[in-house]
Amino acid sequence: MNDLHPPAEPIRLTAFSHGGGCGCKIAPAVLQDILADTPFYSHLGAAYPDLLVGIEHGDDAAVYKLNDGQAIVATTDFFMPIVDDPFDFGRIAATNALSDVYAMGGKPLFALAIVGMPIGKLPNDVIRQILAGGESVCRAAGIPIAGGHSIDAPEPIYGLVGIGVVDPRKVKQNAGGQAGDCLILGKPLGVGIYSAALKKGLLSAEQYAAMIAATTQLNTAGADLADTAGVHAMTDITGFGLLGHLLEITRASKVSARVEMSLMPVLPGAAALAQAGHVTGASQRNWASYGGEVQFADGVADWQRALLTDPQTSGGLLVSCAPDAKSAVLDVFRRHGFADAAEIGRLQPGRHVAVAA
């Protein structure tokens with residue numbers, strides 16, 4: 001007897017979107033051109049003296065001083081699906097959004113949800129699971145989702161507005177790095193490469209588990225790192241890739257950097273996937289935007305360059321610290337469960353970023 005009602009095909013969230021995760025970000029060069037010569041942004045500091053951190057150096061969040069001991073940290077982050085599982089998508093998006101609060105040295109207070117869904121194309125239960133994933137991460141961070149806004153959109157979009165608090169004297173920015181500083185990365189690279197392989201059905205179950213573990217690990221070490229003597233600058237690695245966000249530190253701090261491929265923590269099998277050509281279009285756009293500021297040593301392969309420009313969704317914290325603070329910084333990362341945290345290079349005088357094999 002023929003089955004007149006065969007099982008419905010499972011919903012593939014990634015099929016609804018033209019890009020996924022932080023790979024959706026506008027390319028650095030395009031964003032810079034859009035914001036160039038915008039009078040509103042260029043006069044923020046003078047007009048609002050209590051705005052401690054604005055848009056000047058591409059920092060992770062805005063910081064507004066309330067009094068000598070308190071400042072508000074405010075950020076927003078949202079994107080299209082990077083995975084097909086709706087609960088995992090919600091978890092990843094929420095973890096990524098809260099990361100910007102931690103990267104400034106702050107602690108989250110509450111969040112607001114940003115929801116855009118193709119109503120009528122995605123079942124309501126799938127949307128419910130996305131929201132539940134985000135709520136689970138906020139519960140783990142000890143904060144509520146206190147409200148938000150939703151629209152009917154052609155592609156699934158989810159994220160958060162994150163509101164946090166920080167001591168104004170302990171805010172960490174892109175600026176502040178010093179020549180001689182150690183560069184320490186909290187999470188392994190390769191999320192974008194994994195996502196490219198996932199879309200082609202080439203990611204193993206073990207690699208998918210590693211991807212979810214990395215992208216849903218809250219960067220809770222940020223507040224303790226801000227309290228650690230010798231930490232000079234901090235950011236998180238997201239859509240512009242390691243090189244793009246490192247360049248934000250070097251430009252703001254007026255220094256250069258030297259990093260070593262051999263020291264990079266990398267997700268299991270990501271190097272082999274990159275060598276096989278499983279890279280994102282965002283990686284190529286990133287390189288086109290800032291490649292002129294990077295010098296590669298002989299022996300650095302194209303796939304390694306792709307790894308360093310790979311967009312990281314909910315990536316790790318990148319810390320610039322004095323050499324004598326390195327052990328303390330690594331201890332903070334270990335206490336918060338970041339087993340892969342590693343020194344990847346140093347800041348130095350100059351203007352370019354150098355990559356050694």
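At what angle do H4 and helix H5 pack, and how far apart are their axes? The model considered here is predicted, so local features need pLDDT of at least 70, side-chain atom pairs count only at pLDDT 80 or more, and totals for chains, interfaces and linings use all residues. Residues are numbered from 1 along each chain as its sequence is written, and side-chain values use heavy atoms, with hydrogens and water left out.

H4 and helix H5 (residues 124–141) pack at an angle of about 40°, and their axes are 7 Å apart. Axes are lines fitted to C-alpha atoms, for helices over the stretch in contact, and angles run from 0 to 180 degrees between N-to-C directions. Helices (H or I, at least four residues) and strands (E, at least two) are DSSP runs, numbered from the N terminus. H4 is therefore oblique to H5, a term for angles that are not under 35 degrees (roughly parallel), over 145 (roughly antiparallel) or 65 to 115 (roughly perpendicular).

Phe79 and Phe89 form a tilted aromatic pair, 6.3 Å centre to centre with 40° between the planes. Rings of Phe, Tyr and Trp (its six-membered ring) pair if their centres lie within 6.5 Å; planes under 30 degrees apart count as stacked, over 60 as edge-to-face and the rest as tilted. Because Phe79 lies in strand S3 (residues 70–79) and Phe89 in helix H4 (residues 86–103), the pair ties together parts that are 10 residues apart in sequence. Both Phe79 and Phe89 are buried, meaning under 20% relative accessible area, with exposed over 50% and partly exposed in between (1.4 Å probe, protein chains only).
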